[in-house]
Amino acid sequence: MTSSSTPGLARFNILAYDEAITALREVCASEAWGRAILSRRPYATAADLLSAGDAATAELTEDELADAMAGHPPIGRPKPGDPTSSREQRGMAGATEELKAEMLELNLAYQERFGHVFLICATGATGEQMRDAVKSRIGNSPEQEREIVRTELGKINRIRLTRLVTEGE
């Protein structure tokens with residue numbers, strides 16, 4: 001996305017609060033994150049919006065981070081009828097049944113260890129890359145993993161915010 005203003009950004013800037021918060025919940029399930037984005041409107045450039053998204057992600061409390069993660073389905077099991085999670089997890093679509101079964105086991109082990117879904121910016125990643133990531137991260141301390149999750153959430157939010165203000169252009 002360029003740093004200049006786009007028609008999509010202009011539309012976002014003037015959306016009614018309720019419409020804007022609904023659109024932002026599709027980007028990030030944390031209501032606090034959405035409110036932080038809206039409190040900084042209007043945005044002069046898409047880069048300003050992305051910076052605000054980064055700041056809002058960094059400011060999430062543990063509970064708000066948990067709310068954000070709750071909006072993400074496990075890797076390999078996108079929400080039925082949800083084109084966003086299906087698109088983002090495309091790397092698992094062609095995975096072998098063995099890899100899908102392994103990811104299910106790893107997802108469950110990760111969730112048992114950390115108490116939340118394994119979160120990774122899956123856009124562009126293969127099933128094998130996602131599997132390797134969960135394998136390498138499952139040994140992290142909860143504190144280390146929380147910071148990795150926050151970073152991954154920030155990447156996902158940036159991709160989704162970009163789509164929000166550029167779709168249809």
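Modeller: Contact here means heavy atoms within 4.5 Å. Helices are DSSP runs (H or I, at least four residues), numbered from the N terminus. This is a predicted model, in which local features need pLDDT of at least 70 and side-chain atom pairs count only at pLDDT 80 or more, while totals for chains, interfaces and linings use all residues. Residues are numbered from 1 along each chain as its sequence is written, and side-chain values use heavy atoms, with hydrogens and water left out.

Biologist: Which residues of α5 and α10 meet?

Modeller: E62, L65, A68 and M69 in α5 meet R146, V149, R150 and L153 in α10. By class, this contact has five nonpolar, no polar and three charged residues. Ala, Val, Leu, Ile, Met, Phe, Trp, Tyr, Cys and Pro count as nonpolar, Asp, Glu, Lys and Arg as charged, and the others, Gly among them, as polar.

Biologist: Why are α5 and α10 called oblique to each other?

Modeller: Angles under 35 degrees count as roughly parallel, over 145 as roughly antiparallel, 65 to 115 as roughly perpendicular and the rest as oblique. Angles run from 0 to 180 degrees between N-to-C directions, and axes are lines fitted to C-alpha atoms, for helices over the stretch in contact. Helix α5 (residues 62-70) and α10 pack at about 55°, with their axes 11 Å apart; they are therefore oblique.

Biologist: Why does the term oblique also apply to α2 and α3?

Modeller: The axes of α2 (residues 17-27) and α3 cross at roughly 125° and come within 9 Å, and the two helices are therefore oblique to each other. Among the residues that meet are Y17, I21 and L24 in α2 and W33, I37 and L38 in α3. The residues of this contact divide into eight nonpolar, one polar and three charged.

Biologist: What makes the bond between R41 and P42 cis?

Modeller: Its omega is about 0°. P42 lies in the loop between α3 (31-39) and α4 (46-59). Most peptide bonds are trans.

Biologist: What volume does the largest cavity have, and what makes a space a cavity?

Modeller: On a 1 Å grid over the protein atoms alone, a cavity is a set of points where a 1.4 Å probe fits but cannot get out; lining residues have an atom within 4 Å of a point. The structure holds one cavity of 30 Å³ or more, and the largest cavity has a volume of about 110 Å³, a volume being the space filled by probe spheres set on the points. The largest cavity is lined by 14 residues, of which H72, E88, I120, A122 and I156 lie nearest its centre.

Conventions: On a 1 Å grid over the protein atoms alone, a cavity is a set of points where a 1.4 Å probe fits but cannot get out, and a pocket is an open set with protein on both sides within 12 Å along at least five of seven lines; lining residues have an atom within 4 Å of a point.
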